[in-house]
Protein chains: 2
Amino acid sequence: MPTLMKQELESLTADIFRHAGAPVDLAQQVAEVLVDNHMAGHDSHGILRIPEYLKSIVDGEIVPTARPEVIQETPVSALVQGHWALGQATGIYAADLAIAKAKAKAKAKAHHLAVVSVVQAAHTGRLAAFTERAARQEVVMFMAIGTVDRPMTAPFGGAAAVPDTNPVAFSLPNPDGPPITLDIATSAIAAGKVKVAKARHENLPPDVILDKAGRPSVNPQDFIDGGFLLPFGGHKGYALAVIAELLSGPLIGAESFPAVTQRSGIFIFAMDAALFRAKPDYAQALAQRLGQIKGVPPAQGFTEVLVPGEPEARTRTRREKEGIPIPDDTWQAVRQAAQSVGCEI
Amino acid sequence: MPTLMKQELESLTADIFRHAGAPVDLAQQVAEVLVDNHMAGHDSHGILRIPEYLKSIVDGEIVPTARPEVIQETPVSALVQGHWALGQATGIYAADLAIAKAKAKAKAKAHHLAVVSVVQAAHTGRLAAFTERAARQEVVMFMAIGTVDRPMTAPFGGAAAVPDTNPVAFSLPNPDGPPITLDIATSAIAAGKVKVAKARHENLPPDVILDKAGRPSVNPQDFIDGGFLLPFGGHKGYALAVIAELLSGPLIGAESFPAVTQRSGIFIFAMDAALFRAKPDYAQALAQRLGQIKGVPPAQGFTEVLVPGEPEARTRTRREKEGIPIPDDTWQAVRQAAQSVGCEI
């Protein structure tokens, strides 16, 4: 199993996307996001996805030379047409636009809030890569994605798939530590995690998938063979999935743009964390509240209470030093995909 | 078990709060919200709460004559000091302010977005009463509440309670039907539902509470005797609880205002549903997507797939005709509480 340092992995990933036709800056953004996902420990959203993205380029579902474009704009909002650009580059474009609006200082624009929505967005992967980008710049960010492509998740009480895994993320800045981040698939498990389990030849936990006949299963292959995911937390996770779907679909008009073959809409809300109070006061109150939560004695089977985003931050620290291990079959699949675009890694 | 029509129950509820010292308009708002909760079928947030609120008035935790006040404001935001007014009145005040900002038409104010936060908020009860108020006026609304009072819920992996049940709600307008509403406690069960189970002498489902020693229990009394709630959906519900806590606490400065004895902060985001597209286009796309979801065949044990907010809308239709049944012991407790403020019902 090869282990690569962050810089190395970013560089070879960018190289692959350049060979696949992306301009230097977009290839670099995709690499940055995919490697950030590895740094956070979410290997399911890292280079494992490269073969799938290269196939989407061949199939015309991702346009590697395309750039997102603002088609409606006010000082506090923007509607972005993604033009099926590489999803990670679209995510960065939309997040940076929302951050800039939330942080605008010019008198007529200093509203400290923004909503940015995207139509024609390809697969962006892990949302925290974008919401934590905001949090590191002292901006609170909420992001939701629904989809109109291959459905994966059954609605609560339903026996067929309609929504997708519809992820939502929410990050808050943490001046004294890593961002506080919720980043969840509204399915009981991310499709990417099913793929990782299959790659590792592991079983899934119970109650996260059904097979294509609607029967419970722990075998990742049953999902791949036409099964579907269950929502997390029963009707609650299902309700959150529907909200994500509607925010990033009907509310913004995602279905009305042409060539909706794969992913589609993104909904982003951004707010300057200093809207209501000065940063030192926020930092102090935040540290105190997080300390209270972390001060809870561990339950049986746990060694400590962590706050959301903390496991990822720890993996990041470790991988900064030790590098990122890549499973052999992922490495082989990425090598082959790279060769298909004339890139030797 | 008495059954009362909506108007009757609203009228006697308002009467009780007037006797407890509230001005006519505030008493009416509290009654409107409590009865709306019954209409939606959430009896746990209805008149069952009156004895507790009257006790809070006696204890000085709720000030029945107080009115919320805006202490910071921009065209797209406001910070409201609740002054420990009746929570339902504070919820209406804050929601209406956010709705007005999101719908403002004057050129310098027509941003179609708003964030309104509240400090010193007493118990508001069911958040959908406010977010659906927005949705009925074609405004999308998100609302989150955290607390600094008696903690009820254990963090994921923890063996003591720190956060409260930290509810979040999200409503979208539905031009052709009832609002689409997510309204969930981030605990596996609302404390109010535990009280309802006890009132009905029923057991709880498994995995929703622990007793005070941290052992699983299905007896509602074990929660009341110092036990605590579990987050819904494991680490995912826990993460959502922490986000609600931080949005409505450290981010807005809830802890820095005096006399924080009971509830405290509210965070509201509101957006005009017509920000990005015309209403008929939204209505059509929404109807189509909801139709796809509802078209999924039911799983075993279900008769149909419902969308979030639909069960409540059906109860509302039924109770408009048939009235609201009140369990005998709730009715007796409310009568006694009413008598304590000199009100015969």
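Colleague: What is the mean pLDDT of chain A, and what share of its residues reach 70 or more? Then take me through helix H9 of chain A: which of its residues are buried?

Modeller: This is a predicted model, in which local features need pLDDT of at least 70 and side-chain atom pairs count only at pLDDT 80 or more, while totals for chains, interfaces and linings use all residues. Residues are numbered from 1 along each chain as its sequence is written, and chains are lettered from A and ligands numbered from 1 in the order in which they are written.

Chain A has a mean pLDDT (the predictor's confidence in each residue, from 0 to 100) of 93. In that chain, 98% of residues reach 70 or more. For the complex, the predictor gives an ipTM of 0.94 and a pTM of 0.95.

Now the helix. Helices (H or I, at least four residues) and strands (E, at least two) are DSSP runs, numbered from the N terminus. H9(A) covers residues 279-294, which makes 16 residues. From first C-alpha to last, H9(A) reaches 22 Å. That is close to the expected 22 Å (1.5 Å times one less than the number of residues).

Which residues are tucked in? A residue is buried if 20 or more other C-beta atoms, placed from the backbone, lie within 10 Å of its own, exposed if 12 or fewer, and partly exposed in between. In H9(A) the buried ones are Tyr282(A), Ala285(A), Leu286(A), Arg289(A), Leu290(A) and Ile293(A). Look down the helix axis: these residues fall within an arc of 130° (of directions from the axis to the C-beta atoms), so they line one face of H9(A). Turn to the other side of H9(A), where Pro280(A), Gln288(A) and Gly291(A) are exposed.

What covers the buried face? H8 of chain B is part of the cover of H9(A). That leads to the contact between the chains. Two residues are in contact if their C-beta atoms lie within 7 Å. Chain A puts 61 residues into the contact, and chain B puts in 61 residues. On the side of chain B that touches chain A, several elements each supply at least two residues, among them helix H8 (235-247), strand E11 (263-272) and helix H9 (279-294) of chain B. H8(B) gives the most, with 8 residues.

For contrast, take a strand. Val139(A), Met141(A), Met143(A), Ile145(A) and Thr147(A) are buried on one side. Val140(A), Phe142(A), Ala144(A) and Gly146(A) are buried on the other. E5(A) runs antiparallel to strand E6 (residues 168-172) of chain A, and 4 bridges join them. Within E6(A), Val168(A) is the bridge partner of Ala144(A).

Finish with a loop. His112(A) sits between helix H4 (87-103) and strand E4 (113-119) of chain A. Most residues other than glycine have a negative phi. His112(A) is not a glycine, yet its phi is positive, about 70°. His112(A) is buried too, with 23 other C-beta atoms within 10 Å.

Key. Pairing = 2+ DSSP bridges.
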